[in-house]
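Good morning. Please have the viewer open.

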Amino acid sequence: MKQAHKLSLLAAALVGSSFSAIAADRTHDITIDDFFNIGNMGSVTLSPNGKKAVWLESRWDKELNKSQRDLWLLDTKTRQSKRMTFTNESESSPQWSPDGEYVYYLGKVAQEGAKAPYNGKTQVFRLSVNNGNSQPMTKEAEGVAGFELSHDGKSLYFLATKITTDDDQWAAMRTSHSAPKYGHGEQTTNPLYQLDLEHFKQKLVLDDDKVVWEFKVSQDDSKIARITTTDNELVFLEGWSDIEVYDTQAMQNNVIVDTQWRDNAPSPYGWLLGLAWQDNTELAFRVDFDGHPGKLFIADANATNKPSLEISRPGDVTLTASDLTWRPNSDELCYRGADHGRVKLFCTEIDDGEQGDTRTVIPGDMVIGSYSFSQNGKSVAFSHNGLDHFSDMFIADANSSRAKPKRLTNINPQVDSWKLPQVSIVKWTAPDGAIVEGILDLPADYKKEDGPLPLIIQIHGGPTAATPYALQHRSYGRSTFTANGWALLSPNYRGSTGYGDKFLTDLVGREHDIEVKDIMAGVDQLIANGIVDGDKMAVMGWSNGGYLTNALISTNNRFKAASSGAGVFDQRLQWILEDTPGHVVNFMEGLPWEKPEAYNHGSSLTYADKIKTPTLIHIGEGDQRVPLGHAQGLYRALHHYLNVPVELVVYPGEGHGLSKYQHRKAKMEWDQKWFNHYVLGKPVE
């Protein structure tokens, strides 16, 4: 790359002056085992009066060989917290009763030989805040897929599960030969029930043999919005889903016209998500697209055949997550958005069907996870991941965008003694003139005069995502390597979220090219700046990060080692096998027979003969998103035909992520030893 490409002033300032010595009380060197002691906070939910809050805390359990979530309760005034559930299963979806006496949630209890609700299937449970007792509210033999309390707290709506079969000309053949597995013919559909919480009488509200992915009940129970498909195969959700509004009085179902996010969208393969009611008529929802910015709409539930109001986004913000919320006692619709490595909470005013001002609710460098408003709308609680702590709960004045949030928890006190990496934002100029950012992690006590460091490029997945400007200890890279003297760069390359629509869509039709150049330009600037030793570099990533790891080692030989996790090797194979093929169609700009050259150019298989880098390959045996064949193909090319050092690690029983304790630890140790040997020249123990 040309030496004219310079790091930004922000990056230069960070590199030149912010590498201070570690605090005297920080004496612990971060290890792989520390990863398994971190608690992660999610589903922060404030009580109606704002005096209490609950969250779901996930932690690894070595004996159970998995991570699990438990429900925790907090007094927002005293900041005293206590754990409320102690099962070996993960709880989810907490929701307060309007009177604040109960928390409803999804959970499982398995007792040997027992029928529902203790048969190990997901049910709705109710937890008493006062005495901590928990009771099952449902007893569905096949479990519950989702639930919601009515606005007045008198009814519990829930989705049951039902097996349905197609009644076509081949149905009898499939039934008579039931041993084989068939591509279609059977679905799990979701009838909707209402449970009277005063008399505990249950009635069927709607069963139209639809698969229901999400539902929301209006404030007066008069309307129920659903995201539906005709089949539960995931491919239906990315392009053949509908938003339906069911009138409970007229018992009539209407489909919201979809022209804006199907016919007139940059891609027909959009994911509908995030239903939210306001005043029984205004229904907010989102649609996400792989490779294109998501859109936010508000529909008039009384006029479903008319176009919805599309909400414009502020600045370079890209919508993220599905947790849309109307702030109580206001006309504001609130949502999270990615913004230059941060994740912020925004609220947009909606007045008489028109969009008003949009404000950032919480100021500063925030990476906000889940959030929740009090019933009066004056307080907002949220989880936030900072530079010196992992996810913790904060609370702030929801009316003022200048209010300083108060920290309520410290669920990882052990981190207070860690020698934390120096985390900064660096910027550089790509060959085509675009400004690209990345998150740079450096050892805790590093100073520039210490000289260049070995480098790991850690590449995020998606690619419609971004690495956040926050402390992370990940099994896919950050924290452990810096603790062992490495520099680690996480580039937010072209196609990443939070840098504007053009930055996002520039990747479409240019995979395996423009983002590779973005990343290598950043590497060259770190070398030119004296931070990185260009002869000691490795690259790693998972999912799209694995795909880009394959792309980098197949287009240059500058890396001494690579760790490719769940990475696409051939785009045709990916379209054939993955569970969401619209992703491939979007980026290749057509189907395989329509754009054969695009599929050829976008595949590392095409350039496999150029690979010289010793490569460690990780894959889940049952991965549906990036199936096993990609890893096997890369391994075959390197091991049997190209004589490149390679190791294939297949994790049994795993999908697209690693859910087992032993598998996560194996991956982290393999990566560390592989890089130490091939980059640093250390002997294999």
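I start with the overall picture and then turn to strand β10.

What you see is a predicted model. The protein chain holds twelve helices and 38 strands. Its C-alpha atoms fill a box of roughly 70 × 65 × 55 Å along the principal axes. For 685 residues, a compact globule would have a radius of gyration near 26 Å, and this chain has 26 Å, so the two agree.

Next, the inside and the surface. Of the 685 residues, 55% are buried. The accessible surface is about 28,900 Å², and carbon and sulfur atoms account for 47% of that. Take the contacts between residues at least 6 apart in sequence: 57% of them join residues at least 24 apart. As for charges, there are 68 positive and 88 negative ones, and their mean positions lie 5 Å apart.

Now to β10, residues 155-160. How many of its six residues are buried? Six of the six are, so to speak, under cover. S155, Y157 and L159 point one way, while L156, F158 and A160 point the other way. Residues on both sides are buried.

Which strands pair with β10? One is β9, residues 144-149, antiparallel to β10 over five bridges. In that pairing, E148 stands opposite Y157. β9 and β10 form a hairpin with five residues between them, and G153 in the turn has a positive phi of about 75°. Another is β13, residues 192-196, also joined to β10 by five bridges and running antiparallel. There, L159 stands opposite L192.

That is the end of my part.

Methods
Residues are numbered from 1 along each chain as its sequence is written. This is a predicted model: local features need pLDDT of at least 70, side-chain atom pairs count only at pLDDT 80 or more; totals for chains, interfaces and linings use all residues. Side-chain values use heavy atoms; hydrogens and water are left out. Helices (H or I, at least four residues) and strands (E, at least two) are DSSP runs, numbered from the N terminus. The radius of gyration is taken over C-alpha atoms; the globule rule is 2.2 Å times the number of residues to the power 0.38. Buried means under 20% relative accessible area, exposed over 50%, partly exposed in between (1.4 Å probe, protein chains only). Contact means heavy atoms within 4.5 Å. Accessible areas come from the Shrake-Rupley method with a 1.4 Å probe; for residues, only the protein chains shown count as cover. Lys and Arg count as positive and Asp and Glu as negative; His and the chain ends are not counted. The place of a charge is taken as NZ of Lys, CZ of Arg, CG of Asp or CD of Glu. Two strands pair if DSSP finds at least two bridges between them.
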